[in-house]
Number of protein chains: 2
Amino acid sequence: MAGVRPVFYVSDGTGITAETIGHSLLTQFTETTFVTDRIPFVDSVERAHEVAEKIRVAAEAHGVRPVVINSCMDADVSAALAESGALMLDVFAPFIEPLERELEQTRERRIGLAHGMVDFETYHRRINAMNFALTHDDGQSVDYNDADLILVAVSRAGKTPTCVYLALHYGVRAANYPLTEEDLEHDRLPPRLRPYRNKLFGLTIDPVRLQQIRQERRPNSRYAQFDTCKREVAAAEAMFRAERITTLSTTHTSIEEISSKVLTTLGIHREMF
Amino acid sequence: MAGVRPVFYVSDGTGITAETIGHSLLTQFTETTFVTDRIPFVDSVERAHEVAEKIRVAAEAHGVRPVVINSCMDADVSAALAESGALMLDVFAPFIEPLERELEQTRERRIGLAHGMVDFETYHRRINAMNFALTHDDGQSVDYNDADLILVAVSRAGKTPTCVYLALHYGVRAANYPLTEEDLEHDRLPPRLRPYRNKLFGLTIDPVRLQQIRQERRPNSRYAQFDTCKREVAAAEAMFRAERITTLSTTHTSIEEISSKVLTTLGIHREMF
């Protein structure tokens with residue numbers, strides 16, 4: 001049935017796993033408009049009863065059965081949620097039994113583990129990588145020896161968000177090199193980057209989009225003129241081609257996709273946080 | 001069987017959904033050591049055959065059956081992967097049919113949708129929120145009127161990573177207020193924050209941990225002394241109590257958990273990116 005459908009991401013932890021898989025599922029159903037709500041930290045049967053009541057209220061208000069994407073590990077909590085009458089999709093249930101059989105062990109029924117990890121070493125690596133990304137933003141005072149990779153692009157092509165994402169989610173030390181006007185007068189790599197060829201990844205962008213972004217940042221500047229954007233992008237792309245630097249356009253690419261492609265291209269294997 | 005087990009996150013997109021749910025599942029099985037590999041952008045049967053070969057090689061090398069956490073949408077791609085002989089856990093399959101029945105529509109078989117969204121408005125909001133977090137880091141030149149929320153804490157208690165996470169994943173404009181020594185001489189809110197009481201969230205941290213973090217940043221400074229850390233944390237906590245500011249310790253809490261709790265406490269509802 002088309003129309004508006006309430007969806008609840010319910011979790012005993014942050015709700016990130018439930019929302020991630022739920023979002024992927026819902027994008028497959030384009031005829032329905034979903035109104036979503038995340039309800040994290042549902043870690044007792046009591047709390048689950050309150051949530052079930054909230055779901056029932058939404059069912060009444062919308063006149064339609066809600067969908068619950070549930071990542072709670074406790075069977076009693078899940079049962080209490082199910083009393084709401086919603087369609088229950090339990091994101092772990094289908095996989096637990098095959099894994100138990102394959103691994104010949106019973107899973108631990110620990111709650112909210114996935115994003116609650118607090119291992120100091122891991123946390124440290126993550127925060128250090130982020131500090132690295134932030135202090136080495138826009139190529140200031142970088143020692144590229146310490147970098148796992150270097151994103152090269154003209155100003156505002158998407159380097160910073162990608163560096164921060166790579167740090168936060170993969171603990172990768174990602175540095176920036178913003179191509180200056182002077183760099184762009186040559187079609188070879190800036191001398192500073194030459195020793196790090198195997199760490200380089202080029203980003204490019206549609207000049208129309210670049211113009212929009214720069215216009216918002218510095219309205220009516222030469223920097224934001226379409227001609228400037230077009231010239232800079234063309235020069236950067238020519239340089240990437242001449243130097244055989246793998247390049248990706250950020251125009252129609254999410255930060256997640258860019259990050260994933262950068263890691264794959266450079267052969268960097270890290271577990272996600 | 002205990003021991004080392006190879007796990008592959010295989011996806012036609014970034015692999016983030018597969019890795020997120022896979023990671024949650026694997027943390028439930030503590031007797032096995034998993035070696036994981038993410039293989040994104042598997043979007044053809046040809047590519048799937050290559051990947052299946054890689055999985056077979058890993059099976060040989062480890063002398064054990066690998067586990068594949070698969071988020072590929074195409075049935076032929078999944079079938080080609082299954083020829084590897086691995087235990088196949090398909091993260092979407094169990095939910096598609098119940099959703100099709102409930103929504104009375106057939107899903108669209110589009111590939112790699114979940115993290116490939118490029119809606120300009122959404123992207124824009126996300127990037128703007130991140131620029132906001134970065135330019136308003138450490139309380140410099142902030143107009144708190146523009147902030148959705150303000151994290152208040154002593155230096156190095158976890159404000160910046162949380163602000164950046166909230167921006168990247170929820171498009172929330174999160175500002176920082178670092179408590180200065182002067183602020184900490186009083187047990188009331190600094191005057192600048194008083195108009196924004198309903199946007200405030202306090203972070204605290206174990207002084208021992210804080211000392212470790214500060215020591216790494218500015219070795220052997222007064223700033224990094226244990227006494228300084230202890231005094232600052234105690235004063236900040238006293239102020240949060242006196243002002244009834246909701247507070248969370250970051251010592252044993254992941255960035256995801258902190259972010260989720262901050263949003264829930266302040267009643268901010270946003271869909272995740």
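Into which domains is chain A divided? Before I answer, please keep in mind that what we are looking at is a predicted model. Chain A is divided into domain 1, covering 3-103, and domain 2, covering 120-266, and the C-alpha centres of these two domains of chain A lie 39 Å apart. I will take the sheets one by one, then turn to how the chains meet, and finish with a few individual residues.

Let me start with the sheet that has the strand order β2-β1-β3-β4 in chain A, which is an open sheet of four strands with parallel pairing. At its edges stand β2 (32-39) and β4 (87-90) of chain A, and because each has a single partner strand, one side of each is left without a neighbour in the sheet. On average, and with direction ignored, neighbouring strands here are turned by 20° against each other. If you look at strand β3 of chain A, residues 67-70, you will find that it pairs with β4(A) in the parallel sense over four bridges, and that A:Ile69 has A:Leu89 in β4(A) as its bridge partner. Helix α3 of chain A, residues 75-82, lies across β1 (3-10), β3 and β4 of chain A, and runs at about 155° to β4(A).

Now to the other sheet, which is again open and four-stranded, with the order β6-β5-β7-β8 in chain A and parallel pairing. Its edge strands are β6 (174-178) and β8 (247-249) of chain A, each of which pairs on one side only, and the twist from one strand to the next averages 30°. Within this sheet, strand β5 (residues 149-153) and strand β7 (residues 200-204) of chain A pair in the parallel sense over three bridges, with A:Leu200 in β7(A) as the bridge partner of A:Ile150. Which helices pack on this sheet? One is helix α8 of chain A, residues 226-243, which touches β5, β7 and β8 of chain A and whose direction makes about 150° with that of β7(A). Another is helix α9 of chain A, residues 255-266, which also touches β5, β7 and β8 of chain A, its direction likewise making about 150° with that of β7(A).

Let me move on to the pair of chains. In general, two copies of a chain are related by a rotation about an axis and a shift along it. Here, a rotation of 180° with 0.0 Å of shift along its axis superposes chain B on chain A, with an RMSD of 0.0 Å, and that is the relation of a two-fold axis. The contact takes 88 residues from chain B and 88 residues from chain A. Since 100% of the interface residues of chain B are also interface residues in chain A, the copies meet through the same surface. The area buried between chain B and chain A is about 8,600 Å², and carbon and sulfur atoms give 61% of it. On the chain B side, B:Gln28, B:Phe29 and B:Phe95 lose the most area to chain A, although together they make up 9% of what that side buries.

Is A:Glu104 buried or exposed? At 63% relative accessibility, A:Glu104 counts as exposed, the cut-off being over 50%. A:Phe41 also has a positive phi, near 60°, and is placed in the loop between β2 and α2 (45-62) of chain A. A:Phe41, however, is buried, with a relative accessible area of 15%, where the cut-off is under 20%.

Finally, in chain B, B:His186 sits in the loop between β6 (174-178) and β7 (200-204), and with a relative accessible area of 47% B:His186 is partly exposed. The C-alpha atoms of B:His186 and B:Ala238 are separated by 9.5 Å, while the two residues are 52 residues apart along the chain.

Notes: Residues are numbered from 1 along each chain as its sequence is written. Chains are lettered from A and ligands numbered from 1 in the order in which they are written. This is a predicted model: local features need pLDDT of at least 70, side-chain atom pairs count only at pLDDT 80 or more; totals for chains, interfaces and linings use all residues. Side-chain values use heavy atoms; hydrogens and water are left out. Two strands pair if DSSP finds at least two bridges between them. Helices (H or I, at least four residues) and strands (E, at least two) are DSSP runs, numbered from the N terminus. Axes are lines fitted to C-alpha atoms, for helices over the stretch in contact, and angles run from 0 to 180 degrees between N-to-C directions. Contact means heavy atoms within 4.5 Å. Domain bounds come from an automatic or database domain assignment. Copies are superposed by least squares on the C-alpha atoms of residues with pLDDT of at least 70 in both. Buried area is the accessible area (1.4 Å probe) that two parts lose on being put together, summed over both. Buried means under 20% relative accessible area, exposed over 50%, partly exposed in between (1.4 Å probe, protein chains only).
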